[in-house]
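Please look through the sequence and the model below before reading on. The paragraphs that follow go from the ligand to the core, and then to single residues.

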Amino acid sequence: MHIPTLDSVRLRLRAFNLSDGTAVERLAGDFAIADTTLTIPHPYPEGAAATWIATHSEWAQCGKRWEWAITERNTGELLGAIGLSQERQHQRGELGYWMGQPFWNQGYTSEAAAAVLRHAFTTLGFNRIFAHHFARNPASGRVMQKIGMRLEGCQRQHIRNRDRFEDLVHYAILREEWSLT
Ligand SMILES: CC(C)(COP(=O)(O)OP(=O)(O)OC[C@H]1O[C@@H](n2cnc3c(N)ncnc32)[C@H](O)[C@@H]1OP(=O)(O)O)[C@@H](O)C(=O)NCCC(=O)NCCS
């Protein structure tokens with residue numbers, strides 16, 4: 001399986017190129033991104049983005065995970081990233097994303113996430129897509145609400161992150177719910 005390009009009104013979601021590495025390091029190197037995610041290092045090591053990007057085609061080929069660059073459709077500017085993992089046996093997957101801070105609160109992540117849901121339910125045959133966020137990161141929860149996910153609960157102090165315990169809030173959407181929206 002390859003990484004298909006997905007278009008929405010303002011965005012183009014495409015596979016990352018190695019040449020995106022510098023922009024990824026600049027945007028994701030902002031502590032505001034690492035602070036509310038689990039897998040983004042801070043400081044972001046030089047060259048780490050290229051190493052990360054180099055794994056994407058293998059992940060997609062084995063159907064484990066798809067990672068898209070969120071770009072502005074008219075200018076091609078890289079704005080952020082969105083990924084979807086797959087657990088094939090259960091026809092379910094997890095959504096994760098980050099958006100460069102200069103582009104926050106313009107609806108870009110919600111628009112990108114809606115495009116990925118559509119692809120997952122209509123083309124990949126997913127039955128359930130879930131996501132979670134730290135309780136102190138309500139903007140991410142708002143993205144989940146805006147794409148139709150439902151709140152499933154909160155695991156108190158479930159994560160120890162940078163020497164602090166984080167409450168983890170869980171959301172999900174089922175295919176039968178998505179098709180009603
Ligand atoms: C979470 C994140 C991806 C949101 O990206 P974004 O492109 O700004 O998202 P959108 O603009 O589509 O939606 C954000 C929503 O949150 C709302 N919001 C922003 N700050 C908020 C706050 N403190 N409390 C409540 N809602 C808030 C916005 O108003 C908007 O909702 P609205 O459209 O109803 O007004 C971005 O902030 C980010 O990358 N954060 C760092 C990395 C991260 O946390 N990733 C997610 C890990 S779970």
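How many residues surround the ligand, and which are the closest? The ligand is surrounded by 23 residues, and the closest are Thr 36, Asn 105, Thr 109, Ser 110 and Lys 146; a residue counts as near a molecule or strand if one of its heavy atoms lies within 4 Å of it. This is a predicted model, in which local features need pLDDT of at least 70 and side-chain atom pairs count only at pLDDT 80 or more, while totals for chains, interfaces and linings use all residues. Residues are numbered from 1 along each chain as its sequence is written, and side-chain values use heavy atoms, with hydrogens and water left out.

Asn 105 has a polar backbone atom 2.7 Å from an oxygen atom of the ligand. From the side chain of Asn 137, a polar atom lies 2.7 Å from a ligand oxygen atom, and for a polar side-chain atom of Arg 142 the distance to a ligand oxygen is 2.8 Å. The ligand taken alone exposes 960 Å², of which the protein buries 74%; accessible areas come from the Shrake-Rupley method with a 1.4 Å probe, and for residues only the protein chains shown count as cover.

The next topic is the core. In soluble globular proteins, nonpolar side chains tend to be buried together. A nonpolar core is a set of buried Ala, Val, Leu, Ile, Met, Phe, Trp, Tyr and Cys residues joined through side-chain atoms within 4.5 Å. Buried means under 20% relative accessible area, exposed means over 50%, and partly exposed is in between (1.4 Å probe, protein chains only). The largest nonpolar core here has 50 residues, and the members that touch the most others are Leu 13, Ile 82, Leu 84, Leu 95 and Ile 129. Helix H5 (residues 108-122) supplies the largest share of this core, eight residues. Helices (H or I, at least four residues) and strands (E, at least two) are DSSP runs, numbered from the N terminus.

Contact means heavy atoms within 4.5 Å. Leaving aside neighbours within four places in sequence, the contacts of Leu 13 include Trp 68, Ile 70, Ile 82, Ala 112, Ala 115 and Val 116. Leu 27 is found in helix H1 (residues 21-28). With a relative accessible area of 5%, Leu 27 is buried. Not counting residues up to four places away in sequence, Leu 27 touches Ile 33, Leu 78, Leu 79, Trp 98, Gly 100, Pro 102 and Phe 103.

Ile 159 belongs to strand E7 (residues 150-161) and counts as buried at 15% relative accessibility. Its C-alpha atom is 8.8 Å from that of Phe 134, a residue 25 residues apart from Ile 159 along the chain. Gly 96 lies in strand E5 and is partly exposed, with a relative accessible area of 26%. Between the C-alpha atoms of Gly 96 and Ala 131, 35 residues apart along the chain, the separation is 6.7 Å. Gly 96 touches Ala 81, Ile 82 and Gly 83, not counting residues up to four places away in sequence.

The loop between strand E4 (78-85) and strand E5 (92-99) holds Gln 86. Is Gln 86 buried or exposed? Gln 86 is buried, because its relative accessible area is 14%. A polar atom of the Gln 86 side chain lies 2.8 Å from the backbone oxygen of Gly 63. Gln 91 is also placed in the loop between E4 and E5.

Most residues other than glycine have a negative phi, and most peptide bonds are trans. Gln 91 is not a glycine, yet it has a positive phi of about 50°. Arg 162, in the loop between E7 and strand E8 (164-174), likewise has a positive phi of about 50° without being a glycine. The peptide bond from His 42 to Pro 43 is cis, with omega near -5°. Pro 43 sits in the loop between helix H2 (31-34) and helix H3 (48-54).

The structure holds zero disulfides, a disulfide being a pair of cysteine sulfur atoms within 2.5 Å. Cys 62 counts as partly exposed at 42% relative accessibility, and Cys 154 counts as partly exposed at 43%.

Conventions: A polar contact is a pair of N or O atoms within 3.5 Å; within protein, one must be able to donate a hydrogen and the other to accept it, and residues adjacent in sequence count only if both atoms are side-chain atoms.
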